[in-house]
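Visitor: I would like to learn how to read a few features of a protein model. Please take them one at a time.

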Amino acid sequence: MSHTAEAHHDDHHDAPTGIKRWLFATNHKDIGTMYLVFSLVLFFIGGAMAMVIRAELFQPGLQFVDPGFFNQMTTMHALMMIFGAVMPAFVGLANWMVPLMVGAPDMALPRMNNWSFWILPVAFSLLLSTLFMPGGSPAGGWTMYPPLVMQTGDAFPFLIFSVHLMGMSSIMGAINIVVTIMNMRAPGMSLLKMPLFVWTWLITAYLLILAMPVLAGAVTMLLTDEYFGTSFFNAGGGGDPLMFQHVFWFFGHPEVYIMILPAFGIVSQIIPTFARKPLFGYDSMVYATASIAFLSFIVWAHHMFTVGMPLAGQLFFMFSTMLIAVPTGVKVFNWMTTMWKGSMTFETPMLFAFGFLFLFTIGGFSGLMLGITPADFQYHDTYFVVAHFHYVLVPGAVFAIMAGVYFWLPKWTGHMYNEKLGKLHFWLSAIFVNVTFFPQHFVGLAGMPRRIPDYATQFADFNMISSIGAFVFGASQLLFVYIVWSCVRGGEKATQQVWEGAEGLEWTVPSPAPHHTFEVAPEVK
């Protein structure tokens with residue numbers, strides 16, 4: 001070892017400890033952990049907002065909050081869950097697993113990695129601070145439609161700024177993942193040899209880079225309409241409020257795939273492991289993921305069937321929406337074929353993956369119903385839509401994140417989580433997610449509108465069931481925190497054979513954060 005290398009080696013023994021280790025983290029594992037912890041905190045904040053919504057809807061009439069605050073809760077709940085819980089959780093899993101899966105020593109841009117994380121606490125502190133401003137938080141829905149969102153008073157510019165910060169964080173995280181996967185694969189790791197989790201994240205990262213600037217443009221135009229006298233969306237000045245919907249959903253539809261493609265990747269790692277068989281149709285899974293990503297950019301106006309678009313437009317968006325069900329169906333059948341005649345065992349990660357498969361498919365079918373234009377005139381803006389997207393996002397994205405955490409936690413910590421409690425967590429979650437969201441299909445088909453704090457008495461019974469389901473589902477997530485916490489603190493030692501699947505997702509001894517930070521290339525002699 002040369003003198004300079006020795007000097008560097010000694011320096012790195014003074015790696016920051018305590019709070020500095022986290023503030024200045026450039027190690028992908030530390031940053032992945034911070035993303036995951038952050039997303040868990042935001043998951044509970046967003047969940048608390050959902051509890052306010054369900055408490056108000058427990059009975060007809062206005063009980064707990066006034067209608068303005070109710071609308072602030074629906075808006076903030078969505079922004080917290082989408083940008084604060086689901087997306088950072090997937091980025092955290094990517095930070096942890098992508099370098100390990102492609103054989104890279106770290107992420108390609110470690111210091112930018114640090115920055116893209118630390119922007120998030122600032123962004124969400126800004127967004128949460130709007131709750132304490134005169135006039136309260138934004139109440140225009142997470143879609144921020146004008147002119148509704150402009151009527152939020154002082155909170156409006158803070159909303160726009162926090163959305164910009166979230167977008168910056170997402171874009172930087174995505175660039176980092178693309179560069180890592182394209183430039184830092186181990187020798188012999190060709191693209192079509194990468195684990196599917198890596199593939200889904202590569203495609204998701206491209207979606208983020210393409211879609212987030214569109215959102216940035218849309219909210220900037222909102223800002224200039226409000227404060228700089230432009231009329232992009234103001235009909236009085238020759239603008240068009242509908243244009244905002246087009247621009248927003250051109251971002252918003254790829255966004256919903258950004259929130260589900262990494263989930264597909266996680267499930268594609270877990271099912272083969274516990275079926276003890278290689279994944280069926282690896283290449284077709286990669287191509288299906290790419291097809292979904294491509295099609296996600298040409299279906300945006302299916303969110304807008306009721307705005308009065310011409311018949312040709314309605315037909316185009318209806319058929320392209322039905323087309324996107326094809327690659328998604330390919331994935332579902334490939335997962336089922338992987339399990340067919342496998343030696344399956346149902347440990348907690350597999351239970352969550354199996355729950356994902358079944359319940360996500362229900363959400364997919366209701367999405368197909370919403371994609372049929374004449375039917376959508378009936379469903380639009382009812383609780384049927386709420387039921388649909390929560391089936392895709394809760395037993396879809398959230399269950400997949402939890403499956404991934406249970407699956408990789410022993411690899412990260414060297415300890416086993418409590419399997420009995422893990423299974424209890426799954427069954428409580430799986431049962432009560434259905435108690436919460438299944439009745440919403442019925443009240444939606446019967447015509448109950450969404451985003452309204454009061455409702456006709458004929459919807460009372462189903463709403464009460466839905467609220468009880470939500471409270472129990474929310475409470476059972478505390479069990480998840482306990483399981484993860486006690487595993488990190490130290491459970492029984494994880495053994496070699498626990499995760500040996502046909503995929504050969506071999507066990508690696510959990511390595512400590514390396515001493516280097518890649519500021520200086522380590523010298524090898």
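Visitor: Is D381 buried or partly exposed?

Guide: Buried means under 20% relative accessible area, exposed over 50%, and partly exposed in between (1.4 Å probe, protein chains only). D381 is partly exposed, with a relative accessible area of 36%. This is a predicted model, in which local features need pLDDT of at least 70 and side-chain atom pairs count only at pLDDT 80 or more, while totals for chains, interfaces and linings use all residues. Residues are numbered from 1 along each chain as its sequence is written, and side-chain values use heavy atoms, with hydrogens and water left out.

Visitor: Which residue forms a salt bridge with D381?

Guide: Side chains of opposite charge can pair when their charged atoms come close. A salt bridge here is a side-chain nitrogen of Lys or Arg within 4 Å of a carboxyl oxygen of Asp or Glu. R450 forms one with D381, and the closest N and O atoms are 3.7 Å apart. R450 lies in the loop between α16 (419-445) and α17 (460-490), and D381 in the loop between α14 (373-379) and α15 (383-413), so the pair ties together parts that are 69 residues apart in sequence. Helices are DSSP runs (H or I, at least four residues), numbered from the N terminus. R450 is buried, at 17% relative accessible area.

Visitor: How many salt bridges does the structure hold?

Guide: It holds two. R21 also forms a salt bridge, with D30, the closest N and O atoms being 2.8 Å apart. R21 is partly exposed at 35%, whereas D30 is buried at 6%.

Visitor: Which residues touch the most other members of the largest nonpolar core?

Guide: In soluble globular proteins, nonpolar side chains tend to be buried together. A nonpolar core is a set of buried Ala, Val, Leu, Ile, Met, Phe, Trp, Tyr and Cys residues joined through side-chain atoms within 4.5 Å. The largest one has 158 residues, and F83, F124, M144 and W335 touch the most other members. α4 gives the most to this core, with 22 residues.

Visitor: What does M144 touch?

Guide: Contact means heavy atoms within 4.5 Å. Not counting residues up to four places away in sequence, M144 touches V149, L159, V163, L215, V219, L222, F244 and F248.

How values were computed: Helices (H or I, at least four residues) and strands (E, at least two) are DSSP runs, numbered from the N terminus.
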